[in-house]
Amino acid sequence: MINKAASLSVLPEGCLSDVLSLTSPRDACSSASISKGFKSAADSDAVWERFLPPDYREVIGRSVSPVVFGSKKQLYLSLSDAHILLDRGNLSFQLDKESGKKCYMLGAKELSITWQHDTQYWEWGHIPESRFPEVCILTQVCWLSIHGKLAAVMLSKNSTYVAYLVFRTTEDSWGLNIPAKTRVSFGGIEMETENVYLRRPHRVQENYVFPHRRKDGWMEMTLGEFECNEGDDGDVEMAFEEIEHLNWKNGLIVEGIELRPKELAMDKVILFMDVIQKLFSSPCHVNFTIIGLQQCDIFDSLLIIYNTYVTHF
């Protein structure tokens with residue numbers, strides 16, 4: 001039996017890869033600095049293949065531009081650092097860097113906007129700040145209705161998603177400080193929000209909902225959230241509407257509707273149970289006892305697991 005104080009690094013690379021693939025991309029990257037053995041396992045395709053979506057080959061095959069990568073880790077980091085355009089260039093795809101779950105944005109061309117093809121009300125044009133070839137620019141309209149839908153099969157399973165309207169307003173915009181409604185419907189469940197404002201009115205109340213500025217300079221308004229679980233199908237339907245006050249509006253620039261996973265704190269106990277289960281079934285045949293895992297971060301916990309095992313064949 002190996003001395004209990006021995007380093008985790010002496011475990012076979014396959015064992016380390018199995019464990020690291022059950023943690024997170026961030027943990028895998030951090031582990032590379034522990035030792036050469038950890039770096040080899042942490043950078044391996046076996047680990048990063050687990051972090052990529054099961055259908056990643058199909059997704060990147062739809063990319064407008066070729067997706068070039070030398071390793072699965074490089075591919076993951078590339079897809080999480082920047083979006084790629086799919087199909088005709090009106091749908092963008094990206095990975096959530098923390099979880100590896102899929103994020104999509106439907107470009108304005110993929111949305112249903114009332115009177116969007118009538119130049120009296122809307123015009124189409126390209127602006128350098130947009131990821132898409134064209135955005136929809138409001139000239140004047142009283143009935144503002146923006147709808148989008150995406151097949152649930154395209155999303156990551158067992159995930160909570162949030163949908164956002166992504167937009168800008170021109171400096172001389174007007175009529176956008178009127179209460180609107182948002183709606184997200186999926187699987188027979190509908191979430192509707194009232195008192196939603198694209199621009200702040202002169203008087204603000206506690207229940208008013210306002211957009212937030214994104215890192216890319218665009219604004220985003222939360223439309224609602226929904227659960228996407230294994231076996232779910234059908235379309236997720238999203239909407240932003242101001243069709244009651246019917247005041248004239250101008251200066252809205254619509255880039256699209258984005259769906260991305262809701263940021264949730266990971267339950268460490270669940271994560272550790274996954275790691276433990278994998279270790280029990282691994283070729284290393286490690287038996288161990290667990291001490292205070294919930295008080296430790298992932299690598300301290302792995303060290304405790306190793307240093308408290310009973311036998312190693």
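1. Basis. The model is predicted, so local features need pLDDT of at least 70 and side-chain atom pairs count only at pLDDT 80 or more, while totals for chains, interfaces and linings use all residues. Residues are numbered from 1 along each chain as its sequence is written, and side-chain values use heavy atoms, with hydrogens and water left out.

2. Strand S2. Helices (H or I, at least four residues) and strands (E, at least two) are DSSP runs, numbered from the N terminus. Five of the five residues of S2 are buried, so this strand is largely enclosed by the rest of the structure. Buried means under 20% relative accessible area, with exposed over 50% and partly exposed in between (1.4 Å probe, protein chains only). On one side of S2 the buried residues are Leu 91, Phe 93 and Leu 95, and on the other they are Ser 92 and Gln 94.

3. Partners of S2. Two strands pair if DSSP finds at least two bridges between them. Strand S1 (residues 84-86) runs antiparallel to S2 and is joined to it by three bridges; Ile 84 has Phe 93 as its bridge partner. Four residues lie between the strands of this hairpin, and Asp 87 takes a positive phi near 55° there. S2 also pairs with strand S3 (residues 102-107), in the antiparallel sense, over five bridges. Here Leu 91 stands opposite Leu 106. The hairpin of S2 and S3 has six residues between the strands, and in it Gly 100 takes a positive phi near 80°.

4. The second largest pocket. A pocket is found on a 1 Å grid over the protein atoms alone, as an open set of points where a 1.4 Å probe fits, with protein on both sides within 12 Å along at least five of seven lines; lining residues have an atom within 4 Å of a point. The second largest pocket holds about 860 Å³ of space. Its lining has 27 residues, and the closest to the centre are Gln 94, Arg 214, Lys 215, Glu 258 and Arg 260. Helix H6 (72-81) and strands S2 (91-95), S12 (219-228) and S14 (250-261) each give two or more residues to the lining. S14 gives the most, with four residues.

5. Lining by class. Of the lining residues of this pocket, 15 are charged, six are polar and six are nonpolar. Asp, Glu, Lys and Arg count as charged; Ala, Val, Leu, Ile, Met, Phe, Trp, Tyr, Cys and Pro as nonpolar; and the others, Gly among them, as polar.

6. Strands S9 (residues 180-186) and S10 (residues 189-196) run antiparallel and are joined by six bridges. Ser 185 stands opposite Glu 190 in S10.

Terms used:
Grid points are joined across faces, edges and corners, and a volume is the space filled by probe spheres set on the points.
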